[in-house]
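These are notes for a colleague who has not seen this structure before. Please read the points with the model open beside them.

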Amino acid sequence: VSFNLGKQPINNRFLKNKSDISPSFKVEIIVDQKNNILKLASPFPVDQIKPQYNWITCYEPEAHLDDLIKIIVSIKEIDHNTIFSGFSFKDDTCLRRLNDKGYKNTWTIDPKLDLGIKDELANIETFQEKFTNEKANQIVNKRKKADVLFVRHVIEHAYDINEFVLSLKTLIKDDGLIVFEIPDCLESLQNGNCSMVWEEHIYYFTEETFFNFLKKKGFEIIFSKSWYYSMENSIVAIVKKASSNDIEFNQNLYNRNVELLKNYKSKILVQKKIIKNKLSLFREKHGSIAMFGAGHLTITFISIYELTSLIDFVIDDNPNKENMFLPCGGIPIYSSNKLLQTDTKLCLLGLNPDHHEKISNKLEKLSDK
């Protein structure tokens with residue numbers, strides 16, 4: 001079973017001219033039978049999805065990190081000699097919290113020094129590609145093996161997930177811990193949320209598939225928790241190396257993945273018809289439609305549901321994006337002043353729900369319109 005969503009643009013490829021065209025590649029979701037996870041059949045080329053601009057940012061939920069640090073300190077014998085490390089910049093906020101508590105023995109993989117990445121624009125897509133077991137051995141020869149290694153919101157980006165996990169094991173001591181954190185895709189899969197799909201995420205985990213995968217890769221889970229967030233929950237698993245090897249293939253889990261994917265496909269296709277119809281009727285009756293947020297959520301929504309002819313413009317108050325164009329349909333991006341200047345009757349929010357109240361308050365004067 002598979003779900004072919006056709007060719008989709010690169011989400012971070014904002015265009016300087018309306019006539020420019022973003023590269024696009026086929027997006028197809030399948031069940032990885034070996035690891036029992038939903039994944040992209042053919043990931044986009046790494047050199048293509050690498051950001052083109054230095055102002056591209058990523059947002060990871062962090063409200064739970066104080067609690068997470070308390071949990072880590074409580075489940076392992078921690079002292080001022082304990083070595084904490086991070087895979088990427090996404091782990092810096094955890095390490096800073098530990099530094100503030102007096103645990104100063106910390107290090108993070110340096111993309112330039114440890115992975116040989118010279119391109120300043122390179123991000124997680126390049127880090128995962130350059131991080132191999134050979135590189136991991138070189139890193140621990142320069143630095144000390146970690147007692148606790150943070151790997152937040154990275155493993156879902158791994159093109160070769162088996163090599164990636166093997167290399168992570170090399171970075172920790174025999175009794176060391178790895179703190180994994182990933183986005184939970186279960187609710188999106190059940191509800192048919194099209195914005196779950198993102199070319200930078202190769203794998204789409206649920207708690208069940210993630211924990212099964214970790215056990216299969218020779219880890220023992222010593223703590224796990226899913227923290228609630230309005231857009232998608234964050235699953236945390238703290239693991240150590242297990243003595244046993246691969247667990248057996250879970251046929252029931254494979255069948256559940258197949259059903260999840262079938263359900264997801266069915267809901268997306270139904271919603272696509274409904275949403276296109278609703279917006280078409282609204283536009284005929286009331287005029288232009290805008291979207292707020294020129295990011296992944298908006299771009300995926302417009303592209304997968306084929307709405308480029310129905311959305312007149314997109315609002316984003318990041319000055320770097322203003323007067324550029326989306327990679328789908330060449331839709332122009334303006335600041336929120338545009339909503340005050342036009343007679344637009346509908347503006348859809350393509351934002352993380354955590355930001356909705358802030359945006360609503362900012363644009364309160366529009367409510368009469």
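1. Lys-39 stands opposite Tyr-203 in strand E8. E8 (residues 203–204) and E3 pair in the antiparallel sense over two bridges. Strands (E, at least two residues) and helices (H or I, at least four) are DSSP runs, numbered from the N terminus, and two strands pair if DSSP finds at least two bridges between them.

2. On the basis of these notes: this is a predicted model, in which local features need pLDDT of at least 70 and side-chain atom pairs count only at pLDDT 80 or more, while totals for chains, interfaces and linings use all residues. Residues are numbered from 1 along each chain as its sequence is written, and side-chain values use heavy atoms, with hydrogens and water left out.

3. E3 (residues 37–40) also pairs with strand E2 (residues 24–32), in the antiparallel sense and over four bridges. Ile-30 stands opposite Lys-39 here. From E3, Ile-37 and Lys-39 point one way and Leu-38 and Leu-40 the other way, and all are buried. Buried means under 20% relative accessible area, exposed over 50% and partly exposed in between, with a 1.4 Å probe and protein chains only. In a regular strand the side chains alternate between the two faces of the sheet.

4. The hairpin of E2 and E3 has four residues between the strands. Asn-36, in that loop, has a positive phi of about 60° although it is not a glycine. Most residues other than glycine have a negative phi. Asn-36 counts as buried because its relative accessibility is 2%.

5. His-153 is another residue to check: it is not a glycine, yet its phi is positive, at about 55°. His-153 is found in the loop between E6 and helix H7 (161–171). With 3% relative accessibility, His-153 counts as buried.

6. What is the order of the strands in the open sheet of six? The order is E5-E4-E6-E7-E10-E9, with mixed pairing. Strand E5 (106–108) and E9 are the edge strands, and each pairs on one side only. Neighbouring strands are turned by 20° against each other on average, direction ignored. E4 and E5 pair in the parallel sense over three bridges, and Thr-106 in E5 is the bridge partner of Phe-84.

7. H7 packs on the sheet and touches E5, E6, E7, E9 and E10, its direction making about 135° with that of E7. H2 lies across E4, E6, E7, E9 and E10 and runs at about 155° to E9. Axes are lines fitted to C-alpha atoms, for helices over the stretch in contact, and angles run from 0 to 180 degrees between N-to-C directions. Contact means heavy atoms within 4.5 Å.

8. In H2 (residues 65–75), the buried residues are Leu-65, Leu-68, Ile-69, Ile-71 and Ile-72. Seen down the axis of H2, these fall within an arc of 160°, so they line one face of the helix; the arc is that of the directions from the helix axis to the C-beta atoms. Lys-70 and Ser-74 are exposed on the face turned away from the buried side. The cover over the buried residues of H2 includes helix H3 (92–100) and strand E4 (84–86).

9. Helix H9 (residues 207–216) is largely enclosed by the rest of the structure, because seven of its ten residues are buried. Among them are Phe-210, Phe-211, Phe-213 and Lys-216. Just after H9, Gly-218 takes a positive phi of about 85°.
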